[in-house]
Amino acid sequence: MASAVIMFAAAIVPMYLSLKLRSNLRILTILLSLFIIVHGIYHLAYFAGEEVLGEGLFRTISIVVLIIFGGAFIFIIRSKKEKLTV
């Protein structure tokens, strides 16, 4: 239970930043917030004894969101490098 609370608390900072930012960083902070929240739900479901729901659904969703975050990060970095060289 404590791990879920810590995860939800950790999501506050990137959620706040996503409201303030207006560039590509906003997309990254939204994806990071989404990952943290879904991962917190995974911890909550696992604590509640819903291991199938936690392991099968929320853990998988959090992994997918984290992979999307990584892909978006790579895309943004590459697009910035191309803008600098042109």
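Trainee: Let me start with Glu55: what does Glu55 count as, buried, partly exposed or exposed?

Mentor: Glu55 counts as partly exposed, with 28% relative accessibility. Keep in mind that this is a predicted model.

Trainee: Okay! Which residue forms a salt bridge with Glu55?

Mentor: That would be Arg59. The closest N and O atoms of the two are 2.7 Å apart, and the cut-off for a salt bridge is 4 Å.

Trainee: Where do Arg59 and Glu55 sit in the helix?

Mentor: They are in helix α4, which covers residues 51–85. Because Arg59 and Glu55 are four residues apart there, about one helical turn separates them.

Trainee: And Arg59, is it buried, partly exposed or exposed?

Mentor: Arg59 is partly exposed, at a relative accessible area of 38%.

Trainee: How many salt bridges does a search of the whole structure find?

Mentor: The search finds one.

Trainee: New topic: aromatics. How many aromatic pairs are there?

Mentor: The count is one aromatic pair. Tyr42 and Tyr46 form it, with 6.1 Å from centre to centre and 45° between the planes, so the pair is called tilted: stacked needs under 30 degrees and edge-to-face over 60.

Trainee: Which helix are Tyr42 and Tyr46 in?

Mentor: Both lie in helix α3, residues 24–47. Tyr42 and Tyr46 are four residues apart, about one turn of the helix.

Trainee: What are the relative accessible areas of Tyr42 and Tyr46?

Mentor: Tyr42 has 12% and is buried, whereas Tyr46 has 40% and is partly exposed.

Trainee: Where is Phe8 found?

Mentor: Phe8 is in helix α1. Phe8 counts as partly exposed, at 31% relative accessibility, and the cut-off for joining a patch is over 30%.

Trainee: Now the inside: which residues make up the largest nonpolar core?

Mentor: That core has five residues in all: Met7, Ala11, Phe35, Ile36 and Val65.

Trainee: What does Ala11 touch, not counting residues up to four places away in sequence?

Mentor: Ala11 touches Ser33, Ile36 and Ile37. Ile36 is also listed in the largest nonpolar core along with Ala11.

Trainee: Thanks, that helps!

Technical notes: Residues are numbered from 1 along each chain as its sequence is written. This is a predicted model: local features need pLDDT of at least 70, side-chain atom pairs count only at pLDDT 80 or more; totals for chains, interfaces and linings use all residues. Side-chain values use heavy atoms; hydrogens and water are left out. A salt bridge is a side-chain nitrogen of Lys or Arg within 4 Å of a carboxyl oxygen of Asp or Glu. Helices (H or I, at least four residues) and strands (E, at least two) are DSSP runs, numbered from the N terminus. Buried means under 20% relative accessible area, exposed over 50%, partly exposed in between (1.4 Å probe, protein chains only). Rings of Phe, Tyr and Trp (its six-membered ring) pair if their centres lie within 6.5 Å; planes under 30 degrees apart count as stacked, over 60 as edge-to-face and the rest as tilted. A nonpolar core is a set of buried Ala, Val, Leu, Ile, Met, Phe, Trp, Tyr and Cys residues joined through side-chain atoms within 4.5 Å. Contact means heavy atoms within 4.5 Å.
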